[in-house]
Amino acid sequence: MQLTILAGRANPALAEAVASALGVEPGRCTIEDFPDGELQVKVHDDLHGHDVYLIQPTSPPVSEHLMELLLLSDACHRAGAVRVAAAVPYFGYARQDRRVHGNEAVGARLVADLLSTRLGRIITMDLHNPAIEGFFNIPVEHLSAVPLLADALGRRLSENKILVAPDLGAVKLAQHYANLLKLPVAYIQKVRHSGTEVNVLNVVGDVYGRSPIVVDDMISTGGTMISAIEALLDEGCLPDITIAATHALMVGSAPQRFASLSVENILVTDSIYHPFETALPIKRVSIAQMLAETIKRLHYHPSSWKS
Ligand code: R5P
């Protein structure tokens, strides 16, 4: 079975890096925006006898990238692909994993259902809630960038560092870092008022005189991280603050908001493509090799695929 890597428009640089790590040329496709807002996807290769891996995080604009992924998968099947899988390192809608206020849609479940109808397998990374794996009707490879990010933080950190979960949802993630880095953990109780507004209720743990490393699965508007940093400074932490997150969406004015804070290091992965230049102290760790190794393992030792 031949292997084809195909990129949507969400993160072509990552797709190139994955293809290069696998020693293959990316497949050819075009994606066109129609004046009425529809997308048209065409695959230009004959994919008979091929296993295709689409590389497409469903990052902002989330709905557009999701639709591209579905259309790409459809086009690959029509081009003869034997099996179509997707690497969706950032899974948009993950935060809509349950109902919070009455009759809300559970977006994560709906998106998982949609993807399960068109893909045979999915590779994703540091899902907002690991239980989302169970929403899919296809096998899911749930990877974590935490070991890569922990390596980049350095395994010989000074003893006055402390890992901080900026909300209760991030405690297990912070514990994962803590186990690798042999550091203590503190956490923050946060309340979210809207998509952009969060408040800190309490800092739990002794952060006084320590240098915090605040870790989360994602940074979107930056509201969570920024409120956490402000609360930590109020509690007397040292000002050399590091933040680490797998997915750096950095939407809206997030870069400017971070620029006004004393953050020494912002450590993220390249799961989300950012074409803009920034003066922020951002270090990006590539997940391309990890995705490539996963694809290689699945391609050469395929187990249960949904056909
Ligand atoms: C929510 O629980 C997530 O883990 C993140 O903390 C949150 O989504 C980050 O969003 P923002 O940067 O907009 O606060």
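Helices (H or I, at least four residues) and strands (E, at least two) are taken here as DSSP runs, numbered from the N terminus. The model is a predicted one, in which local features need pLDDT of at least 70 and side-chain atom pairs count only at pLDDT 80 or more, while totals for chains, interfaces and linings use all residues. Residues are numbered from 1 along each chain as its sequence is written, and side-chain values use heavy atoms, with hydrogens and water left out.

Asp-126 sits in the loop between β6 (121–125) and β7 (140–143), and its phi is near 40°, a positive value in a residue other than glycine. With a relative accessible area of 8%, Asp-126 is buried (buried means under 20% relative accessible area, exposed over 50%, and partly exposed in between, with a 1.4 Å probe and protein chains only). Tyr-93, in the loop between β5 (83–88) and α3 (107–118), is not a glycine either, yet has a positive phi of about 80°. Tyr-93 is partly exposed, at a relative accessible area of 31%. For context, most residues other than glycine have a negative phi, and most peptide bonds are trans. The bond from Pro-60 to Pro-61 is cis, with omega near -5°; Pro-61 belongs to the loop between β4 (50–55) and α2. Within helix α2 (residues 62–78) lies Leu-71, which counts as partly exposed at 25% relative accessibility. The C-alpha atoms of Leu-71 and Ile-31 are 9.4 Å apart, although 40 residues separate the two along the chain.

The open spaces come next. On a 1 Å grid over the protein atoms alone, a pocket is an open set of points with protein on both sides within 12 Å along at least five of seven lines, a cavity is a set where a 1.4 Å probe fits but cannot get out, and lining residues have an atom within 4 Å of a point. Grid points are joined across faces, edges and corners, and a volume is the space filled by probe spheres set on the points. The largest pocket holds about 1200 Å³ of space. It is lined by 41 residues, of which Arg-95, Arg-98, His-128, Lys-190 and Arg-192 are the closest to its centre. Two or more lining residues come from each of β9 (185–192), β11 (211–219) and α6 (223–234), and β9 gives the most, with five. Sorted by class, the lining has 15 nonpolar, 16 polar and 10 charged residues (Ala, Val, Leu, Ile, Met, Phe, Trp, Tyr, Cys and Pro count as nonpolar, Asp, Glu, Lys and Arg as charged, and the others, Gly among them, as polar). Domain 1 (2–144 + 288–300) and domain 2 (146–285) each supply at least three residues to this lining; the domain bounds come from an automatic or database domain assignment.

The second largest pocket has about 300 Å³ of space. Its lining has 15 residues, and the closest to the centre are Leu-127, His-128, Pro-130, Lys-172 and Leu-173. Here α5 (171–181) and β11 are the elements that give two or more residues, with three from α5, the most of any element. The classes in this lining are four nonpolar, six polar and five charged.

A search of the whole structure finds one cavity of 30 Å³ or more, and the volume of the largest cavity is about 50 Å³. Among the residues that line it are Tyr-90, Asp-126, His-128 and Met-218, and by class the lining has seven nonpolar, two polar and two charged residues.

Helix α6 is mostly covered, with nine of its 12 residues buried; Met-225, Ile-226, Ile-229 and Leu-232 are among them. Its end C-alpha atoms are 17 Å apart, which agrees with the 16 Å that 12 residues should span at 1.5 Å a residue (the expected span is 1.5 Å times one less than the number of residues). After α6 comes Gly-236, with a positive phi near 90°.

Finally, the largest nonpolar core has 41 residues, and Ile-5, Val-18, Tyr-177 and Ile-295 have the most contacts inside it. Such a core is a set of buried Ala, Val, Leu, Ile, Met, Phe, Trp, Tyr and Cys residues joined through side-chain atoms within 4.5 Å. Helix α8 (residues 288–300) gives the most to this core, with six residues. Domain 1 and domain 2 both give residues to the core, so it lies between them.
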